[in-house]
Amino acid sequence: MIGFLRGRLTAKQPPQLVIDVGGVGYELEAPMSTFYGLPQAGADVHLFTHLVVREDAHILFGFGTERERRLFRELLKVSNVGPKLALALLSGLTVDAFLMCIEAQDIDTLVRTPGVGRKTAERLVVEMRDRVKGFGDTGQAVLPSGGTGEATIGPQAEAFSALVALGYKPAEVTRLLKAVDASVQTTEEIIRRALQAAVSR
């Protein structure tokens with residue numbers, strides 16, 4: 001099992017990123033909660049990881065904090081919740097916001113996540129209720145800023161691709177992106193505001 005990676009961030013296009021560790025490029029998928037804290041390409045990063053082994057692929061997931069990884073792992077234990085859905089939940093809600101939804105049995109907020117229907121939301125509340133007790137902060141990785149790198153496509157296009165990858169339908173993504181102020185220039189901030197709009201709609 002790969003516990004963490006420390007290396008140079010060579011590429012990032014939500015939800016995928018690549019980290020160069022000693023000349024080996026590791027491809028990872030990460031929730032938007034992690035992307036918001038990433039530096040520019042070329043800078044050093046330290047991410048906690050979780051490896052999912054399937055018959056057709058080995059997928060490595062990266063997280064900016066141990067707390068995010070812990071929640072991801074707990075979500076995978078819930079019936080009918082796979083890595084893609086767990087990633088979508090962590091992208092649309094912070095760890096604390098998710099925990100509050102569980103404690104308050106806030107089904108309506110949970111179902112705003114792509115792929116989460118009412119039955120799945122109810123199952124999350126029931127199965128996660130005991131697991132979130134004592135879910136304290138268990139440490140955070142340092143994500144230094146700095147470095148250089150240029151995006152190969154525009155931030156709006158990157159945001160569109162990321163939101164579709166998280167499970168939103170293209171038409172819904174288009175609507176969410178139109179609601180984002182045109183002055184917002186970074187991919188991460190565009191996605192953040194679009195997800196906030198999705199949760200509050």
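This note comments on one helix pair and on the salt bridges of the structure.

1. Basis. The model is predicted, so local features need pLDDT of at least 70 and side-chain atom pairs count only at pLDDT 80 or more, while totals for chains, interfaces and linings use all residues. Residues are numbered from 1 along each chain as its sequence is written, and side-chain values use heavy atoms, with hydrogens and water left out.

2. Packing of α7 and α9. Helix α7 spans residues 155-165 and helix α9 residues 187-200; their axes come within 8 Å and cross at roughly 50°. Helices (H or I, at least four residues) are DSSP runs numbered from the N terminus. The axes are lines fitted to C-alpha atoms over the stretch in contact, with angles running from 0 to 180 degrees between N-to-C directions. The two helices are therefore oblique to each other, given that angles under 35 degrees count as roughly parallel, over 145 as roughly antiparallel, 65 to 115 as roughly perpendicular and the rest as oblique.

3. Residues at the α7 and α9 contact. On α7 the contact (heavy atoms within 4.5 Å) is made by Pro155, Gln156, Glu158, Ala159, Ala162 and Leu163, and on α9 by Thr187, Ile190, Ile191, Ala194 and Leu195. By class, these are eight nonpolar, two polar and one charged residues. Ala, Val, Leu, Ile, Met, Phe, Trp, Tyr, Cys and Pro count as nonpolar, Asp, Glu, Lys and Arg as charged, and the others, Gly among them, as polar.

4. The structure holds eleven salt bridges, each defined as a side-chain nitrogen of Lys or Arg within 4 Å of a carboxyl oxygen of Asp or Glu. In one of them, arginine 67 pairs with aspartate 96, the closest N and O atoms being 2.7 Å apart. This pair links distant parts of the chain, arginine 67 in helix α2 (residues 66-76) and aspartate 96 in helix α4 (residues 95-104), 29 residues apart. Arginine 67 counts as buried at 14% relative accessibility, whereas aspartate 96, at 43%, counts as partly exposed. Buried means under 20% relative accessible area, exposed over 50%, and partly exposed in between (1.4 Å probe, protein chains only).

5. Glutamate 189 forms a salt bridge with arginine 192, with closest N and O atoms 3.1 Å apart, and another with arginine 193, at 3.0 Å. Glutamate 189 and arginine 192 lie three residues apart in α9, about one turn of the helix. Glutamate 189 is partly exposed at 23% relative accessibility, as are arginine 192 at 31% and arginine 193 at 35%.

6. Network. Salt bridges also link Glu74, Lys77 and Arg131 in a network.
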